[in-house]
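Subject: Handover of a structure and its description

Dear colleague,

Please find below the sequence and the structure that I am passing on to you.

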Amino acid sequence: MLHQPIFIEGVIMKKTTHILFTIYLFLIIWIILFKLSVSIEQLPHFRSFNLIPFYYPNETTYQIKEVLENMIIFIPFGLYLKTLNINSDRTIFLGFLLSISLELSQYIFCLGASDITDLITNTTGVLVGVGLYYLLKKIFKEKTNKIILVLASIITILFVSLIVIILVNNECT
């Protein structure tokens, strides 16, 4: 009987992680495929495909920002899957599959530019997430998953709240 509260806590943490991960996946799809749009009319209707890594015909600092944003947006993917005890190689492969699926979907549905650079930087973001998990594991040991879950909950609530505020504000104008 002594181990029952620990088991229940573990089940609650795992279910909460699954819920947060699902919200994260919906947000990533909305951000990447739907460009934060709330109507189909707002979506871009062009298609391009770049297979040259880190090639930008009009070199600007915007591309550096985009590369960093792509990496950052995929870091939680690595953290979530490691929190769910998914093998690191599998986590990175699944991140790659998600990224290539999103890039191909953009091309197929004519929703913008599909770019090999995005695939590379998104997958690198997953790799950074896995590395960050191991770093946090060294620092916080057994409390790592709880800390990640609490931070993920706070960030998700703040992010979803911000989206609701933006949507309500746009609805009023």
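The notes below describe what was found in this structure.

Please bear in mind that this is a predicted model.

Overall architecture

The protein chain contains 5 helices and 2 strands. Read along the sequence, these elements follow the pattern α-β-α-α-β-α-α. The C-alpha trace spans about 60 × 40 × 30 Å along its principal axes. Of the 173 residues in the protein chain, 35% count as buried. Among contacts in the protein chain with a separation of 6 or more, 76% are made by residues 24 or more positions apart.

In soluble globular proteins, nonpolar side chains tend to be buried together. The largest nonpolar core in this model has 20 residues, and those with the most contacts inside it are Y24, I28, F74, F77 and L102. Helix 1, helix 2, helix 3 and helix 5 each supply at least two residues of this core. Its largest share, 6 residues, comes from helix 1. Another core, of 5 residues, lies apart from it and includes I75, Y133, L136 and I148.

What does F77 touch, leaving aside its neighbours within four places in sequence? F77 is in contact with F21, Y24, L25, T91, L94, G95, L98 and V126.

Aromatic rings

A pair of aromatic rings is described by the distance of the centres and the angle of the planes. A search of the whole structure finds 6 aromatic pairs. In one of them, the ring centres of Y133 and Y134 are 5.9 Å apart and the planes stand at 75 degrees; because this angle is over 60 degrees, the pair is edge-to-face. Y133 has 4% relative accessibility and therefore counts as buried, whereas Y134, at 40%, counts as partly exposed. Elsewhere, ring pairs link F21, Y24, F77 and Y80 into a cluster.

Two individual residues

T17 is found in helix 1. Is T17 buried or exposed? Its relative accessibility is 3%, so T17 counts as buried. Not counting residues up to four places away in sequence, T17 touches Y80, T83, L84 and L149.

I155, by contrast, belongs to helix 5. I155 has a relative accessible area of 54%, and because the cut-off for exposed is over 50%, I155 counts as exposed. Between I155 and F140 there are 15 residues in sequence and 19 Å in space, taken from C-alpha to C-alpha.

The largest pocket

Rolling a probe the size of a water molecule over the atoms shows where empty space is left. The largest pocket holds about 1300 Å³ of space. It is lined by 44 residues, of which I31, E69, N70, I72 and I73 are the closest to its centre.

Which elements supply at least two residues each to this lining? They are helix 1 (4–32), helix 2 (62–83), helix 3 (88–108), strand 2 (112–115), helix 4 (116–140) and helix 5 (144–172). Helix 2 gives the most, with 12 residues. By residue type, the lining divides into 29 nonpolar, 9 polar and 6 charged residues.

Yours sincerely,

A colleague

How values were computed. Residues are numbered from 1 along each chain as its sequence is written. This is a predicted model: local features need pLDDT of at least 70, side-chain atom pairs count only at pLDDT 80 or more; totals for chains, interfaces and linings use all residues. Side-chain values use heavy atoms; hydrogens and water are left out. On a 1 Å grid over the protein atoms alone, a cavity is a set of points where a 1.4 Å probe fits but cannot get out, and a pocket is an open set with protein on both sides within 12 Å along at least five of seven lines; lining residues have an atom within 4 Å of a point. Grid points are joined across faces, edges and corners, and a volume is the space filled by probe spheres set on the points. Helices (H or I, at least four residues) and strands (E, at least two) are DSSP runs, numbered from the N terminus. Ala, Val, Leu, Ile, Met, Phe, Trp, Tyr, Cys and Pro count as nonpolar, Asp, Glu, Lys and Arg as charged, and the others, Gly among them, as polar. A nonpolar core is a set of buried Ala, Val, Leu, Ile, Met, Phe, Trp, Tyr and Cys residues joined through side-chain atoms within 4.5 Å. Buried means under 20% relative accessible area, exposed over 50%, partly exposed in between (1.4 Å probe, protein chains only). Contact means heavy atoms within 4.5 Å. Rings of Phe, Tyr and Trp (its six-membered ring) pair if their centres lie within 6.5 Å; planes under 30 degrees apart count as stacked, over 60 as edge-to-face and the rest as tilted.
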